[in-house]
Amino acid sequence: MSSQSEPTSTGDNLLPTPEQEHGSSRLRQLSPGNVRKLGLTRKIRERRDFKEDENPEEKARRHKELELTPLYKELLYTIAHKMGKPSSTEVFTDRQLHQYIQEAFTMTESEHSSLTERVQSAEPPVYCLMATIKEAKEILGKDISGFSDPYCLLTIMEDEEESRTRRSRAKPSKSIVKDAVSNDKIYQSDIKKQTLNPIWNQTFILEFEDIAGASFHLEMWDKDEELSLTQKLEDIKTSFTSLKRMIKDAKKEKGTDDFLGKVVLKLQDLHCTEDNWYNLEPRTETYPDRGQCHLNLKFIHKARDGTLSAGRSAYINYCGILQQFVQAYISKQQSSAPWKGALCGEAQTLLELYATQNNLSPFLQDLAKWVAYSKLYQSLEVDSSVLFQQLTSVEYHWHQQELPYQQKQELGDSLHGFLQYGLCLVAKYRDIFLPTPSSTPKLHTLLRILVQICKTQAFQKLNPAQFELHDEITDAIQTGTQEWFTIKKGLHQPMTKDLSEIVNALSRLIGEVQEDIKHNKDPWNRVFVSAVQVDVFTVTYKRFDSLLAKEVKETLSLIEGQMEQALANSLFPVYLSLQAIHKDKAFLQTRGSIELTNFQEGFREALPYWLNQAFSTTQDRVERAVQVDQLQPLQSGAVPIKHSSSAVDLVACIQPVCQLWEQLSWPDPEEAFMLMVKLTEDVCKIVVNYCHTLKERVRMLSEKSDHGRAINMLCVVVNDLEHLRSVLSRIPTQLNWAGLRDRTQNVIGENQFHNTLPSQLQQAQGVLGREIRSALDTLGKKLNTDIETHVRNMSTRKRFPSKSTEDAADPLMRYLEQELKYMNENLVQENFNSLLTPLWINSVKILYQVATQHPQQGGLMVFCQRLLYTLQCLEQCFLAEGNGLPLNTLHSEEYKALKVHLTHNSLSSWQLVEKFLERKIWEQNVNSSEKYGAVTLLASYSRSDQRLRVEVLNAVNLLPMDSNGLSDPFVQLCLEPTHIFSEVEPRCTSIKSCDLNPLFDETFEFLVSLDQCQAPGACLVMTVLDHDTLRTDDFEGEAFLALKAIPGVAGECEGDGLSSQPDAIPAQIRLPLMHPKPNEDSILALLESRRGEREAQAYVKKRRQREKQSQDGIHP
């Protein structure tokens, strides 16, 4: 029997429901007119089964009668005559299948019973098994050559035939098929020559009456043909192993074929469709491994009753059944999610049975699914991935199998129609595919389907006209953008002809466009570029550019010459939206002319009104902020905020003025510079007005507050102004002066730029600085007055008759600690430091004034001791462990003078003498001039016997004191201060007559303790005198040698073991002679003022005599 070809369908396309047909006409109206190229390829077929004016109930009834009932009968017929097991693991009874189709087709019980009776009375089909022998492998080689010439015999045997065959066989026979059934029921395949792996691909249709007890038999035989002796000898030469086969062949009857194997399958064990490899079974155990045979088995019907569906093809019925099942499944689902191709088990079983019984190929089944799903996509929520999957399957089968002509036309119409519908959806992507994570993947899949359709061989062959999807999608986007803009423009039409209303309507329209551009720039553009390489942002932006430019030009022409503040305020949002849209041009992939490039020129008339509005609004907000400000720090604690609420509000108020510059982004450089000058001027005015308003506020609040509260408010005001000064310093950065300078360097000179903008800022900074200093001066005056009061209270001995120095200074220090702590907590650091510096200077000044104006000479030393202690406490207070004023600020010249004055006045007379001698020792050490000569000596101290040994060696370069130009010098040695060495007498060398460079070589020993030598100011005073007989000796000069510098004196004494230390080696010392400067020593002046102390007066008198004898200043 020859193989069977694919059945052809004679019906139309998938039958639509009345609702779908109405929807398709609506979609045709929405379809974009830019599908011109697609329209040339194929004529759209329109069909109209019912009248347009027919009511929905009548339409539904007619649809059920004409469309659903035939399909229902076909399904009942399929269930009644089903064969084989479905591929589904779940098995359904006939009752379950009946119940399912009754629900899916919304049939009543009476309708179901009536249709069931009609189907039962219909002519039954002819049951058939369509068997395709594909190939075999590794079969036995029966010929002398080692190969076989295989062919197959096929038949279906009923139970009676098989049992009758067994009874009739007297002896075992290899052939079952030939002996069991008549020749007209046996089908034979082609003979494949000399192979062990034959390939047939032959199909046979085997009829049978009842599946129960029937079995499918396939026997494979090796065809034997008579060969000449020459051929047999040639085979022997080529293969000696075939000799055995040759002998065996000679024994059998001539023309008898060899048995290769068999396959026996019970029909009731088979599925609807089987495609498997089956082992070739032996009749005996001689050769158990006989290879395998690949079979494709399918149960089909022949001669089905054609009256059930009015002669429509099985393919059309399959499409209708599939569509009805999908609709029933979707309507039954509770979820609103798109359908993703799933069907219930009953539907899958029925579809498989119907397709198998009617011998619908997988290609036709996939084609039906594509047609059905693509149409359902236009009316129901179907996931795009389902379509993509079916389209891929259709493309796969296109290369494997040829479609009948009518199905080709239907596939072409379906692909064409879906492309048209898809382009319609693309044109309306804004409304259908929202820019959300759940919607954009649907758009992406749709675009991929459109791309895949254009790539398929089916589309390219069935639609031969040139078709560029990229251009079609671009045209659809442009058309859709135009329609969307027109709709939005209609929605935002002004209700009246009022200019403000017209501007507001334009603003709302531009806002919609701005939002749409935003979505096109990111989510939608990402989808279009990745799927079809269309830059939807560029396409829509250029379209909106021309549309908006026209709208803006028309609106501004109506306003020209009628500008006022309210109208300008309405225009500002329009300007900002256009500015934002214009900035998006940087994202365009293709460059070209942009009509909105110079849109700012149309708003030049409104610009002054915008600046005035910004200034007046900010000024009003600042005034309101000051009016409610209670001048208290905003926050205390670990992170204090020391300024008040109005300072924060002021910064917030100024910020919009600065933002206005960035929002305007004025393109003309020269006009932009003038705009910057105006904005900077407005900011400075606001700051200055804030200063004046704040001063008035603190004055008003101070009148109702105590003195302490007023001081507190003043601190807050200082902080507010300082905070504002820091804000002003950031203005150049906030307004990007550097960027403006780069833009204007070709139109604005360097000097003009820097003489305009910085000078405005400097003037405002100057006002703030003056106000801050004024407030700090007010605080400082209050503190200075209190400090002076405390200091003067310490000058009255009667007030503190028994208090110590610490107790006397304690009130001042407690006052300062309290006030400075408060100031530190409530003033910002910079202002606190600014307050500390003048406060320290004034404190030093007050102490100096009080110290020098003390009227009571008797209590001066005690008072100065208190003042010195107070000065030391003040220094530590203002230093604040390194957190206050630096030392270089504290140790000013005034401070140093005051400290010296207080230090000296705090000492006793003998302490002053010690200070005087220490100063002289220092002068001796720094003096290197031998203007008055020098004296040389050896000196050492022996701790063992506490003796100071001094050997005067010589003197040189002495001044001639006598009329003969010479002198009679001698050296006087005296240990000072005398209150320490009171028991040590002065010593003198011998007199050397008429000698300016005398050689003495005289040794003197002084019995003094080590403690005396190490006492403050302890020194050896050597005075060189010129001896005169009749008058007072003349003064040649003096030298001071610190006893601590003599070997043996330096170092501490350990216990009483003085004798244990070795004597020091004498050191030779050369001392330049000095003359005192008359009336220049402050210590002598201080001692001289203490007239009640006789010892001090005697010492001063002695030194004054030396000053009178001094020649310092006389000799060069």
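Over the ring of which residue does the charged end of Arg430 sit? The charged end of Arg430 sits over the ring of Trp484, at 5.3 Å from its centre, and the views below begin with contacts of this kind. This is a predicted model, in which local features need pLDDT of at least 70 and side-chain atom pairs count only at pLDDT 80 or more, while totals for chains, interfaces and linings use all residues. Residues are numbered from 1 along each chain as its sequence is written, and side-chain values use heavy atoms, with hydrogens and water left out.

**View 1. Charged ends over tryptophan rings, at Lys137 and Arg430.** A charge is taken to sit over a ring if NZ of Lys or CZ of Arg is within 6 Å of the ring centre and within 35 degrees of the ring normal. Lys137 places its charged end over the ring of Trp277, 4.3 Å from the ring centre, and for Arg430 over Trp484 the value is 5.3 Å.

**View 2. The aromatic pair of Tyr72 and Phe105.** Rings of Phe, Tyr and Trp (its six-membered ring) pair if their centres lie within 6.5 Å, and planes under 30 degrees apart count as stacked, over 60 as edge-to-face and the rest as tilted. The structure holds 26 aromatic pairs; one of them joins Tyr72 and Phe105 edge-to-face, with 5.6 Å from centre to centre and 70 degrees between the planes. Because Tyr72 lies in helix α3 (residues 56-80) and Phe105 in the loop between α4 (94-104) and α5 (109-120), the pair ties together parts that are 33 residues apart in sequence. Helices (H or I, at least four residues) and strands (E, at least two) are DSSP runs, numbered from the N terminus. Tyr72 is buried, at a relative accessible area of 0%, and Phe105 is buried at 0% as well, where buried means under 20% relative accessible area, exposed over 50% and partly exposed in between (1.4 Å probe, protein chains only).

View 3. Seven antiparallel bridges join β7 and β8 (residues 292-302), and Glu274 stands opposite Leu297 in β8.

**View 4. Strand β13 and its two faces.** Strand β10 (residues 947-956) pairs with β13 in the antiparallel sense over seven bridges, and Glu951 stands opposite Thr1003 in β13.

Conventions: Pairing = 2+ DSSP bridges.
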